[in-house]
Amino acid sequence: VSRKPDAAAATEELFALYKEDVYRYARFTLGSASDAEDIVQEVFLRVLKNWDRFRGDAHPKTWLWSITRRCIIDRARKLEKDKNTTTFDERLGGRIDNNASEALEVEDLLQTLSQDQREVVTLRLIQDWSTTDTARILGWSESKVKTTLHRAVTKMRQGEGREYGV
Amino acid sequence: MEYEDIQEKLSALRTVRMTPERGQQIDQVIQNEIQKYQARGRWRVIGRKLGGVGSAAAAVVVCAIGVGAVMHIHQTHVGTTTNYTTASHGPTTTVPISYKTAQLTQINQVASAVGVTPMIPSQGQQGDVLTIIKNGGKGNLILNYKTFWIIESTTPISEPQGMTTRKTISVGVQSGTYFSNSKNSFLYFHNNGIYVAIQGLQVGKRVSEQNLQAIATSFKSVQ
């Protein structure tokens, strides 16, 4: 998205480029395939509605991730009462191209983290956002991003250790 | 990089994707909203051009154009009515679909939230049951069955792209438009103020024209 196109063109382009990344961000943060799919739809409808208000002071992808985050937060609040209802079968609804069992195992490990930690891990280690961009998307300081990531990784390593009886 | 070990483990998650069926649905909902957005934009431009002293007159003209546009879109959907195709070219293999009271209640609740007067098919293909009721955004209700899914919308639904067949067929006493290509098939029709699109949900398994026609003809209001 180089020059600012109209909302329809921008929505189509951003959808084509990033729908799966938005899906993964939502899915790994919320731990639910169907909620993540709903969020993809909601995010791009919000893009269409709000594109005219996008001033272009950040990269459109960063703006898109900020919208995604707001949708995730809204959804997480709604899901608060129904915690831990995600089923194994539901997660299989998403396609995993190779080694599905390994991916599900890693996803289980991810789900042992808090939502903040899952978000940081997804953005920094799965989607390769820089610390600066991650801080911008989450509305945090860079030091909070680093600390949260460090704690998350420590917890994941400990989880792995338990899993293999180390 | 101090997190290389974890990052390598997490790399298994980089290929997780949405199901193609749901991706297709979302795409269609967004295309539909884009079409509405573009229509609103055209009317705003016309309104501005005709604005100023004659704004009241402009509003009337814009409304007239709006009605005309909707009528035109609807006309485009149904095409001419002289070449109706009936289901006589192949067997219809639909079976009754049953609904639980809780499902009907849920349909009514979601439909009410999005502002759609809901209708449901009483016929489907072998094994069809209602699996998902979704809020497709304002004015759009989505119903998934095992082998097909439905959008019910208060505004015209954008036509599918890349179709090789497009023809007018009868849907009860009314008409609809059947679209197909090698991968999927669609039936669009308008009933009781609601625009309806039915399409196959299983990739590579088209719903036959006859079955789409029978499913569409079986639509009833939700009691």
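Me: Let's start with Glu33(B): buried or exposed?
Reply: Glu33(B) is buried, at a relative accessible area of 14%. Buried here means under 20% relative accessible area, exposed means over 50%, and partly exposed is in between (1.4 Å probe, protein chains only).

Me: Which residue forms a salt bridge with Glu33(B)?
Reply: Lys36(B) does, with the closest N and O atoms 2.9 Å apart. A salt bridge here is a side-chain nitrogen of Lys or Arg within 4 Å of a carboxyl oxygen of Asp or Glu. Lys36(B) also counts as buried, at 14% relative accessibility.

Me: Before I go on, what am I looking at, and how is it numbered?
Reply: It is a predicted model, where local features need pLDDT of at least 70 and side-chain atom pairs count only at pLDDT 80 or more, while totals for chains, interfaces and linings use all residues; side-chain values use heavy atoms, without hydrogens and water. Residues are numbered from 1 along each chain as its sequence is written, and chains are lettered from A and ligands numbered from 1 in the order in which they are written.

Me: And the element names?
Reply: Helices (H or I, at least four residues) and strands (E, at least two) are DSSP runs, numbered from the N terminus.

Me: OK, on to the interface. How many residues does the contact take from each chain?
Reply: Chain B gives 34 residues and chain A gives 45, with contact meaning heavy atoms within 4.5 Å. About 3600 Å² is buried between the two chains, and carbon and sulfur atoms give 62% of that. Buried area is the accessible area (1.4 Å probe) that two parts lose on being put together, summed over both. Tyr3(B), Lys9(B) and Met18(B) supply 19% of the area that chain B buries against chain A, more than any other three residues.

Me: How many salt bridges across the interface?
Reply: Six by the rule. Residue pairs in polar contact across the interface number 17, both residues being at pLDDT 80 or more. A polar contact is a pair of N or O atoms within 3.5 Å; within protein, one must be able to donate a hydrogen and the other to accept it, and residues adjacent in sequence count only if both atoms are side-chain atoms.

Me: What about Asp38(A) and Arg22(B), how do they meet?
Reply: Their side chains form a salt bridge, 3.0 Å from N to O. Asp38(A) lies in helix α2 (residues 33-50) of chain A and Arg22(B) in helix α2 of chain B, so this pair joins two chains. Arg22(B) counts as buried at 5% relative accessibility, and Asp38(A) is buried at 18%.
Reply: Asp38(A) also forms a salt bridge with Lys134(B), where the closest N and O atoms are 2.7 Å apart. That pair too crosses between chains, reaching Lys134(B) in strand β5 of chain B.

Me: Changing topic: what order do the seven strands of the open sheet in chain B take?
Reply: The order is β5-β6-β7-β11-β10-β9-β8, with antiparallel pairing. The edge strands, each pairing on one side only, are β5 (130-135) and β8 (165-171). Two strands pair if DSSP finds at least two bridges between them.

Me: Which residues of β7(B) are buried on each side?
Reply: Phe148(B), Ile150(B) and Glu152(B) are buried on one side, and Trp149(B), Ile151(B) and Ser153(B) on the other. Five bridges join β6 (residues 140-145) to β7(B), and the two form a hairpin with two residues between them. Glu152(B) is the bridge partner of Leu141(B), while Ser153(B) stands opposite Tyr195(B) in β11(B).

Me: And how many bridges join β8(B) to β9(B)?
Reply: Seven, running antiparallel. They form a hairpin with two residues between them, and Gly172(B) in the turn has a positive phi of about 65°.
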